Amino acid sequence: MSYITTADVEPMADDPAAVEWAATSLRATAEPLRSAGADVETHWQGLGGVYEAPEQGVLFGAVAPVRAAGDDLATSVEQIADALAAYAEALAPLKAMRDRLYTDVGEFGIEVATWHGEDGNGSESWTSNPEFVARDQSLRRAASGITSAILDAERDCAGAIGAVSGGTGSGLGAVDDAQAAAIARPGAWQTVLTTFDAKIDAAAMTTLERLAAMDRDELDAWVADNEKRMHELIDEPPSAEATEAWWNGVDPATQALMVSSAYLLVGNLDGVPWNRRVEANHNGLRSESERLRRLIDGVPEHPSDERRAQADAWAAELRLYDGLLEEQSTVVAPDGTTTKTSGAHVIVFDPSREAIAVYVGGLGPDGGIPASTRNVGVYVPGTGSLLSNAEGSIDKATTMANAAMPPGSLGMLAWQGGHFPQGAEAANSGASEDLAPRLSRLVNAVDHQESTTLTAVGYSYGGAVVGMAEKEGMDVDRVLHVSSAGLGHGIRDLDQYPETADVPHYAMLAPFDPIVGGSQGLELPGTGIGHGGSPVDTPGVTRLETGFNDASAGQESGPMRGHFNWWSTKSSAFRQVMGVLTGGDVEPFVEDPEGESHKWDVGVDDLPIMQDDYRRRTIAVETGQGG
């Protein structure tokens, strides 16, 4: 008779956190579905003042149920989200019990294997020990009970979803009985989510198609009254492929009208070609510049300190916007010839959400990344990022793009896609969780050549944003954490990334980083405080050397500089960043003979790279599967 082992403790098919995330994500789609139905009814009923015919009652009556259908579908979505949330709540304590049981069984196995009974045969005679037999039986009962409870939770979830999709007017005709029953399989609840992809696309497409049918007066009026709806479409858009197909089906005159009038929507909608997004966002920049000038003109001659600070921030934003509109950008023709155009490649611009993203590099005439651009990097900055100081992020991206050889071979996107934390707010993961879906959608929609690599670079808090975006399904070829806050809240293992678990990850952390060195890896469960595991300590992440401050190379020295000295083009740290971005050679971190990580050490004179016998070595940067 064999004793229980960890192989007898069944793994959990579903992670409670993943199920809860799915419930939250699904629930967020309900309001856009309601809005889409309301949009259709409002538009059609609005024809009543201009359309008269004997059949008009039939026509208007036919579209009236659309709002109700939208409400029904939204309600069904919410009910399924509730079922998933209840499932996650039931799984959470079971996961904790299962994990503890796994540990207990492992420890029991070690005890049995190393025990020597009277006959000296170790585990072969374990049944002669009554305590072992009793513990084996107890552990087996616990394992059976946990498995049974998990199956009950799965059945409850499947039953709740099946009740919603059972043909009771819920609007979920695409989910038949067989599909609902399939959800009862362990780990198969995710199948229900795919049911809504096409429906959400259809709801959003209804609005987009209606907008494309409007004349200028109608479109201007709709835009003026529907900022919330535009943000809903930006946050829960159709797939990039569906949006691209819609856009390509719109005639050029209507495209120009939408770029001119609905610039907030067009300039931030993934799937619209980048060149047209740039045009739309230039219109947004001009509009916002005019608004800021009016605000600045209204500041009194002797303002309060608070009003003066606000006016200074407005002035900084205005300088940035004017500079972006005046900047020269490059368009690369298919034959490789280039022309200059007026205005930076602004891919995201939404001042109401503190969002801006600028691409430094050439774009093709169709808005895609040309073949001459071998590598594309996405730079995500850290705490304190604002619209008023976004120029700093853009300058860093420009420095990186210009440092690559041959010229034009590296394109860089400086991304500040929303509100970044300020000061102590950085301890909380809320901003990273809000920013991550936006970053993931944008990166996954980048129109680039198959041979072009995509690298995400997360600096400080931006590292946590990149990690959370990976959890959302962002698909890149390489990841680089620079002075990173962490892998993302709740993330301790690269296997938690659905698309990038196997792509190369690199991390750089200065020997003394007072900003994140002492906090990497620390989290307070249930509070939102902390940013997951430390990249430099996580298996599968390659830590790189950072060098040391060098005044002769123009680097400031001092105890607070370890977090900041990355961007001097003469520094070894900058060469490391460029090596990862361009797929060159990099210098791996030299482990301290005594095992010190040097994340929080003020004295760095004893670093291995500071010793006379140190010899520099390099490794080739790896590339993921290609995108």
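Is Asp305 buried or exposed? I started my notebook there, and Asp305 turned out to count as exposed, at 63% relative accessibility. A reminder to myself before going on: this is a predicted model.

**Entry 1: around Asp305**

I looked for a partner of Asp305 and found a salt bridge with Arg308, whose closest N and O atoms are 3.1 Å apart. Both residues sit in helix H14, and because they are three residues apart, about one helical turn separates them. I jotted down the general rule beside this: an α-helix has 3.6 residues a turn, so residues three or four places apart point the same way. Arg308 is partly exposed, with 38% relative accessibility.

I stayed with salt bridges and moved along to Asp322, which pairs with Arg293 at 2.8 Å, N to O.

How many salt bridges does a search of the whole structure find? My tally is 15. One of them joins Arg135 and Glu111, with 2.9 Å between the closest N and O atoms. Here too the pair links distant parts of the chain, as Arg135 lies in helix H5 (residues 130-164) and Glu111 in helix H4 (residues 65-114), 24 residues apart. Arg135 is partly exposed at 24%, and Glu111 is partly exposed at 36%.

**Entry 2: helix H8**

Next I turned to helix H8, which covers residues 216-225 and includes Asp217. Which residues of H8 are buried? I noted Leu219, Trp222 and Val223. Looking down the axis of H8, I see these buried residues fall within an arc of 100°, so they line one face of the helix. The face turned away from that buried side carries the exposed residues Asp217, Ala224 and Asp225. For Asp217 I wrote down the value as well: 63% relative accessibility, which is over the 50% cut-off for exposed.

**Entry 3: a charged patch**

Together with Asp215, Glu218 and Asp220, Asp217 forms a negative surface patch.

Technical notes: Residues are numbered from 1 along each chain as its sequence is written. This is a predicted model: local features need pLDDT of at least 70, side-chain atom pairs count only at pLDDT 80 or more; totals for chains, interfaces and linings use all residues. Side-chain values use heavy atoms; hydrogens and water are left out. Patches are made of residues with over 30% relative accessible area and no salt bridge: like charges are joined within 9 Å, nonpolar side chains (Val, Leu, Ile, Met, Phe, Trp, Tyr) within 5 Å. Accessible areas come from the Shrake-Rupley method with a 1.4 Å probe; for residues, only the protein chains shown count as cover. A salt bridge is a side-chain nitrogen of Lys or Arg within 4 Å of a carboxyl oxygen of Asp or Glu. Lys and Arg count as positive and Asp and Glu as negative; His and the chain ends are not counted. The place of a charge is taken as NZ of Lys, CZ of Arg, CG of Asp or CD of Glu. Helices (H or I, at least four residues) and strands (E, at least two) are DSSP runs, numbered from the N terminus. Buried means under 20% relative accessible area, exposed over 50%, partly exposed in between (1.4 Å probe, protein chains only). The arc is that of the directions from the helix axis to the C-beta atoms.
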